[in-house]
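Open the model in your viewer and keep the selection tool ready. We will go stop by stop.

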Amino acid sequence: MKTLALAIGHGPKIDKGAENAKSGTTELGYNRDLADRIAANLRGRMQVFIIHRGKEKIPPVVAINATKADIAIELHCNAFNGKATGTEMIHHPGSRKGIRLAELLQDAAVGALKLLDRGVKPPQGGRGSAILKGTKMPFIHDEERFGPLGEPL
């Protein structure tokens, strides 16, 4: 059976990520729920390891690699400036399998979320660089940006 390491991009002790001012939903809370839903949806078809960052600000590269998963994804939802919206997948530029995984998931995310397609890209400004370089399997950093129209964040 294929395996997936699904990392939640923030931790409760350090940084809960972006927050929706109206609902109080945090990026951490939203992605915990999303990770559980993904795992439930894949049950019986793929083994899913959910990785929590915990107290550390640094990405959980060791924990992700310890799963020996076939692929890995880190979930993020960013608020940015309250106007930008869209979905993008960030990949390690030297990983052909990572780029292909990012392309497939980008198409699926855009179709499901109906957000602006911000594309598939290598890390910019260091965002996701450490975890992309350190993981042993194809890995992508999933970024959603929700604007002001009632989206989760």
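This tour starts with confidence and then visits some salt bridges.

**Colour by confidence.** This is a predicted model. The protein has a mean pLDDT of 83, and 83% of its residues reach 70 or more. Select strand E2, residues 47-51: among the elements, its mean pLDDT is the highest, at 95. Now select strand E6, residues 139-145. Its mean of 76 is the lowest among the elements.

**Select Glu88 and Arg118.** The structure holds 4 salt bridges. Here is one of them: Glu88 pairs with Arg118, and their closest N and O atoms are 2.9 Å apart. Glu88 sits in strand E4 (residues 86-91) and Arg118 in strand E5 (residues 117-121), so this pair ties together parts 30 residues apart in sequence. Is Glu88 buried or exposed? Glu88 counts as buried, because its relative accessibility is 2% and the cut-off for buried is under 20%. Arg118 is partly exposed, at 29%.

Lys121 counts as buried, at 16% relative accessibility. Keep all three selected: Glu88, Arg118 and Lys121 form a network of salt bridges.

**Move to helix H3, residues 96-113.** Select Arg100 and Glu103, which both lie in this helix. They are 3 residues apart, about one turn of the helix. Their salt bridge has its closest N and O atoms 3.4 Å apart. Arg100 is partly exposed, with a relative accessible area of 46%. Glu103 counts as partly exposed too, at 33%.

How values were computed:
Residues are numbered from 1 along each chain as its sequence is written. This is a predicted model: local features need pLDDT of at least 70, side-chain atom pairs count only at pLDDT 80 or more; totals for chains, interfaces and linings use all residues. Side-chain values use heavy atoms; hydrogens and water are left out. pLDDT is the predictor's confidence in each residue, from 0 to 100. Helices (H or I, at least four residues) and strands (E, at least two) are DSSP runs, numbered from the N terminus. A salt bridge is a side-chain nitrogen of Lys or Arg within 4 Å of a carboxyl oxygen of Asp or Glu. Buried means under 20% relative accessible area, exposed over 50%, partly exposed in between (1.4 Å probe, protein chains only).
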